[in-house]
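Please prepare a short briefing on the fold of this chain.

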Amino acid sequence: MDPCPFLRILVGNLALKSPSLLPSRSEFSLVHPSSSPFFCKIKLGSFPSQFATVPLIPSEAHTPDDVVSFTLTRKDIEKLGEKGIFSSKEPRLQILVYTGRRGSSCGFSAGKLLGRVTVGLDLKGAAAGRACVFHNGWVSVGGESTQLYLSVRAEPDPRFVFRFGGEPECSPQVFQIQGNLRQPVFTCKFSFRNSGDRCLRSRSSLSETSTSRSWFSSKDDDSKERKGWSITIHDLSGCPVAAASMTTPFVPSPGSGRVKRSNPGAWLILRPGDGTWKPWGKLEAWREPDGLGHRFELLPDATGGGAITLASSSLSTKKGGKFTIDSRGFVMSSTVGGEGRCSTPEVEVGVKHVTCTEDAAAFVALAAAMDLSMDACKLFSKKLRKELRRQRSEEFVV
């Protein structure tokens, strides 16, 4: 199937200049751009508003940078277009500039509105797959002497979209989505890896089920640590094409009952190569007071150099959220359900990052590991669902 059309509205190169607001040269030398007393609120239709710091500069010279982006699906574009038709106006992007500083806990403090800028968005060309520049330059804001520099442009960003047919721990099918169409492309197999197996097994052994043995656990092992979880992604022929294996157990820090950042659990994301599994990425996760902290690194074998951190953030444990890798452009995202909620992850992968089935499967395995990390980081005072608990006697592959 073909990828789904997506569009990114990029807002960047933000800068403010004003003779009346500019401090003296000696004062200016002490002001770092990140501590600028100006910020802006950027609004587009019904999308959540986004915020960015706006540096105050003494001249027109500044470093170009994209600071905010909105991602639009075909339905989003149609919705914005419909709104424009009924109001007899094209869709518009609003940038509200404020004086004030970042808040310590609630994003931004309530600042004083300095002025606003509106940029019209003619999305016809962009919807047809062409890059468009809507604005690039200075514009007056809050009086003629104060000017804001910004660039607003649209770029096509086609993506492959995959959706799990059930929760990862239930070993569901994975479908590729395009509009209202869906077709199965992968199957998932969740299992418990042998606690005595310290080595990554061969690619073929993970698909064999002829040899197994019983594994016995004590009743409260799951209350002490969560380990050995594994999920293997197979293509429709049954061949394993990616896997995620829990390599560092998720254990509670003494006296806390939760996995802390100082001792996170970890997964290896594996890809097939030369008849065996090769580490591609490493996902670490831990429990924050009200969130799921995580960090994803691309490993040396995949980069040809040192490990590269591509994502480091946190998600709400109550509402869930979206795990995103956006490194010099969109790479992938996947939805993560909140704690205790039914979660069927939806995965988006940028077309330029998929050249073969194994590429797509690796991102699907990563999405599964991220979703399962919400359960792995659950407070140890709470019980896991039965699919995630080792049974008293369980059969598995060795």
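Is glycine 340 buried or exposed? Glycine 340 is exposed, with a relative accessible area of 77%; buried means under 20%, exposed over 50%, and partly exposed in between, with a 1.4 Å probe and protein chains only. This is a predicted model, in which local features need pLDDT of at least 70 and side-chain atom pairs count only at pLDDT 80 or more, while totals for chains, interfaces and linings use all residues. Residues are numbered from 1 along each chain as its sequence is written, and side-chain values use heavy atoms, leaving out hydrogens and water.

**Whole chain**
- The chain has 5 helices and 22 strands; these are DSSP runs, numbered from the N terminus, with helices being H or I of at least four residues and strands E of at least two.
- Of its 398 residues, 45% count as buried.
- Among contacts (heavy atoms within 4.5 Å) with a separation of 6 or more, 61% are between residues 24 or more positions apart.

**The sheet**
- An open sheet is formed by 12 strands in the order S18-S17-S16-S15-S14-S13-S11-S10-S9-S21-S20-S19, with antiparallel pairing; two strands pair if DSSP finds at least two bridges between them.
- Strands S18 (308–316) and S19 (321–326) stand at the edges with a single partner strand each, so one side of each has no neighbour in the sheet.
- From one strand to the next, the twist averages 20 degrees; axes are lines fitted to C-alpha atoms, for helices over the stretch in contact, and angles run from 0 to 180 degrees between N-to-C directions.
- Helix H5 packs on the sheet, touching strands including S9, S13 and S21, and its direction makes about 165 degrees with that of S15.
- Strand S10 (residues 173–178) is joined to S11 by 6 antiparallel bridges, and valine 174 stands opposite phenylalanine 186 in S11.

**Strand S13**
- 7 of the 7 residues of S13 (residues 229–235) are buried, so the strand is largely enclosed by the rest of the structure.
- Trp229, Ile231, Ile233 and Asp235 cover one side, with Ser230, Thr232 and His234 on the other.
- S13 pairs with strand S11 (residues 181–192) in the antiparallel sense over 7 bridges, with threonine 187 opposite histidine 234.
- Another 5 bridges join S13 to the antiparallel strand S14 (residues 240–248).
- S13 and S14 make a hairpin with 4 residues between them, and glycine 238 in the turn has a positive phi of about 90 degrees.
- Serine 230 is buried at a relative accessible area of 8% and stands opposite serine 245 in S14.
- Beyond its neighbours within four places in sequence, serine 230 contacts Lys189, Phe190, Ser191, Ala244 and Ser245.

**Nonpolar cores**
- The largest nonpolar core has 55 residues, of which Phe162, Phe186 and Trp229 touch the most other members; such a core is a set of buried Ala, Val, Leu, Ile, Met, Phe, Trp, Tyr and Cys residues joined through side-chain atoms within 4.5 Å.
- Helix H5 (residues 357–376) gives the largest share of this core, 14 residues.
- Apart from this core lies another of 33 residues, among them Ile9, Ile42, Leu72 and Val152.
- Leaving aside neighbours within four places in sequence, the contacts of phenylalanine 186 include Phe162, Val174, Ile233, Leu236, Ala360 and Val364.

**Glycine 340**
- Glycine 340 is found in the loop between strand S20 (330–336) and strand S21 (346–350).
- Its C-alpha atom is separated by 9.2 Å from that of methionine 374, 34 residues apart along the chain.
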